[in-house]
Amino acid sequence: MKFVLVDFDISHYASNILQVDTLLKWDILGNTHHLIVRSDYGSNIEFTEEDKAGIEKHGNDQILSGKEIRYADNRFFVFLKKGYVNNYQITVSPAKYAVFCCEYVSATDLCILYVPNDACQYQCDVSSSVEVNIKHEEVKRGFLNRITGKQPEREYFIVHIPNIPGYSDGGLHYTFDGCKYQYPITKAMLGKPVCIPAFNSKAPRMESAAGNGYKIIMRQ
Amino acid sequence: MENVKELIHGSIGLLRNNSISSTNFSRPYYPTCVVYFGRRSAEYHEELLENVLRGWGGNADYIKFYTIEDVDARTVKDALSGNDISVADVKTQITDLLSAQNVFADMARIALYCIIDTTEVASAEEFMKWYSMITFVKETLGVSTLSMLMVILNESLQYTELAKGIKNQIRDAYLDESLEKKNYHLYDSVFIFGNRLKNGSFIKIGPSENRYANYNLLADIVLLTNTRCDDDNRRRAHLYGSDKPALTAAYGFVQKPMAEIVMITLSIILNKLKELTANQSVDADGLMKALKIDKGRSEVYDQFYSVIKELLPSNEFMNWLPGKATPDRTFDEYNRASDGCLQAFLEKNHFEVVFTELLNRNDLLVKEILGLLSKQLNAAQLINGVPTGVRETAYDKAEIAFGTPDKLQVPTAIEMKVKKHIAEGLRSKTDESLTLAINKAEKCMTQFKQVCSEHERMFAVGEEGTRKNLTAFYGERIQRYFNDFSKLTALFVSILKIDNSKADMLQILLKTIEAFFSSDAVYKLSFSEELIARLGNVDTEKRAQEFIGQELIKNLDDKVSFYSMHVFQPRVFEAYLLNTEGTNNNLLYKYLNDRELPPEVSRTFFNTCNNDMAESIWFYVCSVDNLSL
């Protein structure tokens, strides 16, 4: 398949993309197909000659498969046939998604892609909610300690962060009120209980690195 | 110093055997004023002043030097500063000059010397305008003068017509009946020195040639005509007289061949250096030495670490890492226990500090590393570049000490990891510094080659026979000096420092030549001692001095600085400028003084107290016929 890039017009465009729960929805006119491109959260997607070349490298069996295909560093595309509704199930978050209006003629194997300008809302960031559970570690005091009344040396909190698809180390970190350090959360710390020492008896506070699209919901 | 010419001039100064004490300086008879006619004539100033200084010492400070650059505009400039000066200011300066006490024997008039080089004179008519300038000069000075016009006549073949025209103009000016006084000049004396000798051969006279050829004739005439001595009246009687159509002279000298000695010395030094420049390269050991990498440790890395250490998180951060491990375990174990949070923490904090500080201190670091490279590596080594393999070997060796920190205890491992990260970051800075060093090396080598080629161009001019004799005598000495290879290596390293400019190189060469000259007494010999030492076949002192005396007057009659088809009258006056003090000099003086003279010729001696050379000047009158043909 070859792509021909053409400026959008009032009868060929895609716009008003928005996130509704786990779906993306948009308005589109004058298309036979939708091209959806995914990239990093907070990035800007513009369809350039490089994108065109990246996609054209793939055979029609891949392009028309309706699956997400990686065509560059942190860039994925999916080419969907026009249906009754214009929506797409979000696969990965946090991420940036963009949609393009396409007219594909199979006889010539040519696809006209209408390139939007900044006025079109053709791309949006999709954030990801992360539910973090924190609870104080229950201390089982030994017999001797119970008799002597001696306190255990350290306090710990048990933190549980669920698995996050596409997560990379440092996307989240924890810190404490009054502590100057930020501890990166590694991939290995996800999906299992992690034991974190208290800071002056204070529980750790989860934070996401600025602008990476994670929304943290704390459960204690 | 800007060029090799200046280096040679400076080196010649080191060979001088002059120890004139202030009591030996002669004193001027009249207050003195020199006026240069035209820009080219003014270029003789430096050399003239230097040579007069040798005779008069500090008394030369009283001489006033002016330049008139344009024959029509007649603007007067101070020849020393080059600034315009008003007629009123000239008068003020002359008044000051005439207020000097106990310097001059007679202040009734001023000895005025007007100097003109005809090379840039457009026509014979323009020359006459210059000739007539004396009226303006006299008005400007406002005092009575004893004036002399010194004409440096360019008779090179392309100037033949002009030279002939000028000679004829001088003749016509002399014969001019409109001046009422027939056979009389506007000057008290007119001297002509041509670059074509009586015998038809040419000599080089010019502002730049004089500086290196010891052509002191102009200054000698100032000294001879205006120095207080027993026979000063007699000298003036011979050298002045506006009733003479013109005067000229034959000039001879015997000197220590200082320029040649310097040229030969320099030639051998530069050749030795050039030989060393071949096959120079940088190997891993050399690079490590330059970067101060020793036993797997690098000073630069350590230094950077100590600077940024304070900015790194303290080890207390480990208290709140996930997991329950204790820091007495290895880094690897602790990291695993913390689910990789320890390593991630380092990357986000420690390595970030390293990254930021590498960025902040980029210029400083590059400069610091460049400084290390400049100290150890010379331009000839760097000019061929430093292969990647050599760089990698050096860098790798610098990182050996960091080993595998994962197996070390946590605090030590953190330090090692940070240092290793610094080392990795500094590789690119070192590469950057090497590129800068190589660029500098290229510039430095260009400068060095320029010095060599300038010298070669100058060395190409030289008399083969004399040079052969001198090379045998002096070349061997410099060769022997550099048999001590460490001396040559030290010079090589210092001259090819990549920061060196051409001026730095010339300065280093001058210092080397100075050290070399002072290592051998032969370089401090007087001109006669030098000649005896070099010729080696003169058995007695008396005969040596006689030999010098003969050299001084040999064929002098053919060396009259004036070309004429008409026959010359015999010389009228002989002058010898030499050091008349000391036993050896007395012998020379005696030899010259004892020579029989034709009855119409008289002679004088001028004590120069100068052991570097002896000069002979024979004076001739140019007849009207000489000026015509």
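Between chain A and chain B, eleven residue pairs are in polar contact, both partners at pLDDT 80 or more; a polar contact here is a pair of N or O atoms within 3.5 Å, where within protein one must be able to donate a hydrogen and the other to accept it, and residues adjacent in sequence count only if both atoms are side-chain atoms. This is a predicted model, so to speak of local features takes a pLDDT of at least 70, side-chain atom pairs count only at pLDDT 80 or more, and totals for chains, interfaces and linings use all residues. Residues are numbered from 1 along each chain as its sequence is written, chains are lettered from A and ligands numbered from 1 in the order in which they are written, and side-chain values use heavy atoms, with hydrogens and water left out.

Back to the interface. On the chain A side, strands E13 (172-175), E14 (183-184) and E15 (192-197) each supply at least two of the residues that touch chain B; helices (H or I, at least four residues) and strands (E, at least two) are DSSP runs, numbered from the N terminus. E15(A) gives the largest share, five residues. By type, that side splits into 14 nonpolar, three polar and four charged residues, with Ala, Val, Leu, Ile, Met, Phe, Trp, Tyr, Cys and Pro counted as nonpolar, Asp, Glu, Lys and Arg as charged, and the others, Gly among them, as polar.

In all, 21 residues of chain A are in contact (heavy atoms within 4.5 Å) with 18 residues of chain B. About 1600 Å² is buried between the two chains, and carbon and sulfur atoms give 59% of that; buried area is the accessible area (1.4 Å probe) that two parts lose on being put together, summed over both. Tyr181(A), Tyr183(A) and Pro184(A) lose the most area in chain A, together 37% of what that side buries.

Two salt bridges run between chain A and chain B, a salt bridge being a side-chain nitrogen of Lys or Arg within 4 Å of a carboxyl oxygen of Asp or Glu. One of them pairs Lys324(B) with Glu137(A), with the closest N and O atoms 2.8 Å apart.

Over all chains, the count is 36 salt bridges. Among them is Glu131(A) with Arg219(A), at 3.3 Å from N to O. Glu131(A) sits in strand E11 (residues 128-136) and Arg219(A) in strand E17 (residues 214-219), so this pair ties together parts of chain A that are 88 residues apart in sequence.

Two backbone details also turn up in chain A. The peptide bond from Ser93(A) to Pro94(A) is cis, with omega near 0°, and Pro94(A) is in the loop between strands E7 (87-89) and E8 (95-105). Asn74(A), not a glycine, has a positive phi of about 60° and lies in the loop between strands E5 (69-72) and E6 (75-81).
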